[in-house]
Amino acid sequence: MTFHIIGSILPEVTIAIAICVVILVNSLIRSVSAAFIHSMILFFLSVALFLSFVSLEIPNSNIFNGHYVIDSFGTNLKIIALIASILVHLASLKSKNNIKNEIFLIQLFATLGVLILCSAHNLLTVYLGLETLTLSMYGMVASNRNSIEATESAMKFFILGAIASAIFLYGLSIVYGVTGTLSLELIKESNLLDGLEMRIAVAFIACGVIFKFGAFPFHSWVPDSYQGSNTTAAIYISSVPKIGAFALISRLFLDSLNVMSEFWSILILSAGLLSIIIGNLIALMQINLRRMLAYSAIGHIGFVLLSFSIVNDGGISASMTYLLMYILMTISAFALIESISSEDHQHIELSDLKGLNNSHPLIAFMLLFCMFSMVGIPPFIGFYAKWIVLSELVNNGMLWFAIVGIIMSVIAAYYYLRVVWFMYFEKTDQPIENKGMMNTHSITSIFVSVMLLLIGLYPNPIIDYTRIIISSFLLID
Amino acid sequence: MILDLMIWAPIISGLIILMIGKNYGSLSYSLSIFSSSLVFVISLYALSMYDSSQTGIQFELITSWIERFDINYHLGVDGISFPLILLTTFITPIVLLTSRTSEKSNLHQYLASFLILEGLMIGVFSALDAFLFYVFWEAMLIPMFIIIGIWGGKNRVYATIKFFLYTFLGSVFMLIAIIYLYIQTGSYSIFDFYNIDLSRTEQILIFLAFLFAFAVKIPMWPVHTWLPDAHVEAPTGGSVILAAILLKMGGYGLLRFSLPITPNASSELSMVMVVLSLIAIIYIGMVALSQTDMKKLIAYSSVAHMGFVTLGTFVVFLDHEIASLEIMNLAISGAMIQMISHGLISGALFLCIGVMYDRVHSREIDDYGGVALMMPRFAGLMVFFALANAALPGTSGFVGEVLVILASLKVNFWIALLSGTTLVIGAAYTLWMIKRVIFGDVTNEKINDIQDVSAIELIPLMILAIMVLAMGVYPEPLMNLMYVSINDLSKLVFLGAGI
């Protein structure tokens, strides 16, 4: 029995072991090289990924007295989270000196939090996973400790995050008060009524979820933390935690509070719609690339939420498709920007991109892929993401939301095009120096960017994959 | 298979040039000429295989692409798309040939953009799956955006962003319409869209959504304002492709999507379309008259000439009593010939302006005068193209316009009369420009030093001149190529509109 339980949570165990090993090695062996730590982390992440593939075979089961559930939905999300973590890790292997090894340790903690969220089946476990993730994120933002900006954004992030967690926790406790149970399964089976208390609870929980996604109106931490933290942290924050948030919203809202779907779908819908509008409009005014990407992320997440609020298998799988494609795009964008930034030149602004086509033709070309993908121009994956969400919206009679979304993406095109404009159409006397090195980092960033095109030419795997996962999730429950 | 080759050969060679071409300017130049000429030869081979007496689609190819949404990689041509593909494969090598007459940074990127653009344009004309069509249609914006933005004139960034946003805004509504049609039919095949029963409101909304996309591309008054900017700022090659092929996609879209999918709405809104076309023909013609920039003048004349395409497409619906298959065939043939001929003539005129610009570095009419004295060979050709632009009988410009005017005459005398004024206005603005630029006294000292055209500039212009003349004197082969498909289209639309 014990063996069976341990066997089902091997990926989490692996990450936990990795954390311990990294702490020990880091503190016991003085002269350990960064490269060694990196390869060790990579090794553990790959093992965890392998073990999650293996655990796809395990039949659905509840373990730890129902605190934890093993099902294909959770395991698949874990696989996605681990792949994303590996990509993020590879993409951040560039500047060795200014990054302390601790940040990779903190990332492992955050990944552990995401894995727990994927399988949590009890309000306590949910909160545990969420806080593991969130606390690590504070640490990540703050790790750039010589920078005043980073400290400021970490402080802001912490205060806002703490408030959001408190509200979220309050929502959970109301649910407990009404239903008398913490187990998600029992909450689902209890004959809930769509009453006022439950509406308050759902609204509070929604606040926490929306905060985690970084969507309007709880989006103000996103630009600050993207800008303040170092790129390693920014790539991570913009990608992996969103998978945790997706697991959270699916388990809590879609599954156990499905009775209330009419109410929460309105909340999610309005948050999504407003995120698309606000995020993209503010992004128009940004000149710092990371801030611009932050607001663009808010806009993209808006599409994820908008599609989620359809609450049927088509809509949810479209939402998940968008999320996966967004994660690829954001990793590619940050990694490319990182590859042209240097230690003394961390804050890339639009004007720094001038003449990039002449100094770094390949990076410029890949960034062009990435930007047109974010605009939603075929044949890049961003187009399929938008199209699949629009299809589901139109299919479910939400034509007007589709039209608003699409008009906003035309407006958004302007600031993405501006990046291309500065790279290709402007000339400069002082281009960013081309060090001409091919390292793990640049290979990863180019690999991910080329994937934007290749998956775009044949998007079936992602489209079918999300569909299968979501229908299995909705069918079982 | 043959279409596959025509789409992907230029795209792949473009990517190869992009990768290796940085230090090998001449090699990538030769490679681009080679691959685009090869595509032209393939298209001629396809022409020899094409059976113009057969109805329906030829060279058809279907492979499943995105199974879950029943999207197919579905290619094929008929008499409406095939002439436009030939135009594309014919113009692209000419553009590439002239790409070295002026100094360019990153020549390999320039060549690669045009090659990729060529493949995508052929894709647009041969896609028979609406989703695939949209993918090609939108992807085309990327190389064009780059071409205008990098190698354009002083105001290029404004022009290219305006171009991009205009067309992007137009086409997203088309995307919504395509998605809506998919949800109604369960398929993305264009032919399945033809058989669908839509209510009156649905038809009108879908018609408008498509119209928005196509009207921006054509461009129709009043969404034409991106065109003068884009044309003026684009490099010569960009202007040629823009005028010769990109604008035709709007006209093609009307024939491929709007008419057969929403015949009732087309018929109901035909008055609006005809009025908009007449405004383009007359008002924009007048606007062209007052331009001082040669490229702008030709750009406005393009809008006016494309007015005949939309007029020919919709004029027959005006009067259901008179409407007949014959008139419809006549009008659509006129529209098609006008598209091809405008592609050749405006392309040639932009090349001519490019030749002068490379020497004098000005597009202002006032900076010229007496060019004929210094460049006699060039002047002869330019005057010829100008006359063709003014629809001189014996040139291809005449055939298209006269067919459309004839068809309009059978429907309504006044519309024919109004559209006929183009023969006067068109002659006025083109010939007046010629008078000031080519003839007269030399007013600008720079003109005194200029050389006549070199062989590499002369050959493309000669070829174009021969084509224009041939189509004007003997348009029969082209008409035969299109006739069966146009007749099918007319029947389909008449059936749908209940005429």
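# Reasoning through the A–B contact

Author: In this predicted model, the count between chain A and chain B is one salt bridge.

Reader: What makes A:Glu392 and B:Arg68 a salt bridge?

Author: The closest N and O atoms of A:Glu392 and B:Arg68 are 3.8 Å apart. The limit is within 4 Å, for a side-chain nitrogen of Lys or Arg and a carboxyl oxygen of Asp or Glu, so the pair qualifies. Polar contacts between chain A and chain B number seven residue pairs, both residues being at pLDDT 80 or more.

Reader: Which helices of chain A supply at least two residues each of the side that touches chain B?

Author: They are helix 15 (356-359), helix 16 (361-375), helix 17 (381-395), helix 18 (399-425), helix 19 (440-457) and helix 20 (460-476). Helix 18 of chain A gives the largest share, 14 residues. Sorted by class, that side of chain A has 31 nonpolar, seven polar and four charged residues.

Reader: How much area do chain A and chain B bury between them?

Author: The two chains bury about 3600 Å², and 78% of it is on carbon and sulfur atoms. On the chain A side, A:Trp387, A:Val410 and A:Phe425 lose the most area to chain B, together 20% of what that side buries. The contact takes 42 residues from chain A and 37 residues from chain B.

Reader: What makes the pair of A:Tyr384 and B:Trp65 edge-to-face?

Author: A:Tyr384 and B:Trp65 have 90 degrees between their planes and 6.4 Å between centres. The angle is over 60 and the distance is within 6.5 Å, so the name applies. The pair joins two chains, because A:Tyr384 lies in helix 17 of chain A and B:Trp65 in strand 1 (residues 58-66) of chain B. A:Tyr384 and B:Trp65 are buried. Ring pairs link A:Phe383, A:Tyr384, A:Trp387, B:Trp65, B:Phe69, B:Phe131, B:Tyr134, B:Tyr182 and B:Tyr188 into a cluster.

Reader: How do you know whether B:Thr98 is buried or exposed?

Author: The relative accessibility of B:Thr98 is 13%. Buried means under 20%, so B:Thr98 is buried. B:Thr98 sits in the loop between helix 3 (81-97) and helix 4 (107-126) of chain B. Leaving aside neighbours within four places in sequence, B:Thr98 is in contact with B:Leu351, B:Ile456 and B:Pro460.

Reader: Why is B:Ile12 called partly exposed?

Author: B:Ile12 has a relative accessible area of 47%. Buried is under 20% and exposed is over 50%, so 47% falls in between. B:Ile12 lies in helix 1 (residues 2-20) of chain B.

Reader: What is the phi of A:Val311?

Author: Phi of A:Val311 is near 50 degrees, a positive value in a residue other than glycine. Most residues other than glycine have a negative phi. A:Val311 is in the loop between helix 13 (289-308) and helix 14 (313-340) of chain A.

Key:
Residues are numbered from 1 along each chain as its sequence is written. Chains are lettered from A and ligands numbered from 1 in the order in which they are written. This is a predicted model: local features need pLDDT of at least 70, side-chain atom pairs count only at pLDDT 80 or more; totals for chains, interfaces and linings use all residues. Side-chain values use heavy atoms; hydrogens and water are left out. Contact means heavy atoms within 4.5 Å. Buried area is the accessible area (1.4 Å probe) that two parts lose on being put together, summed over both. A polar contact is a pair of N or O atoms within 3.5 Å; within protein, one must be able to donate a hydrogen and the other to accept it, and residues adjacent in sequence count only if both atoms are side-chain atoms. Helices (H or I, at least four residues) and strands (E, at least two) are DSSP runs, numbered from the N terminus. Ala, Val, Leu, Ile, Met, Phe, Trp, Tyr, Cys and Pro count as nonpolar, Asp, Glu, Lys and Arg as charged, and the others, Gly among them, as polar. Rings of Phe, Tyr and Trp (its six-membered ring) pair if their centres lie within 6.5 Å; planes under 30 degrees apart count as stacked, over 60 as edge-to-face and the rest as tilted. Buried means under 20% relative accessible area, exposed over 50%, partly exposed in between (1.4 Å probe, protein chains only).
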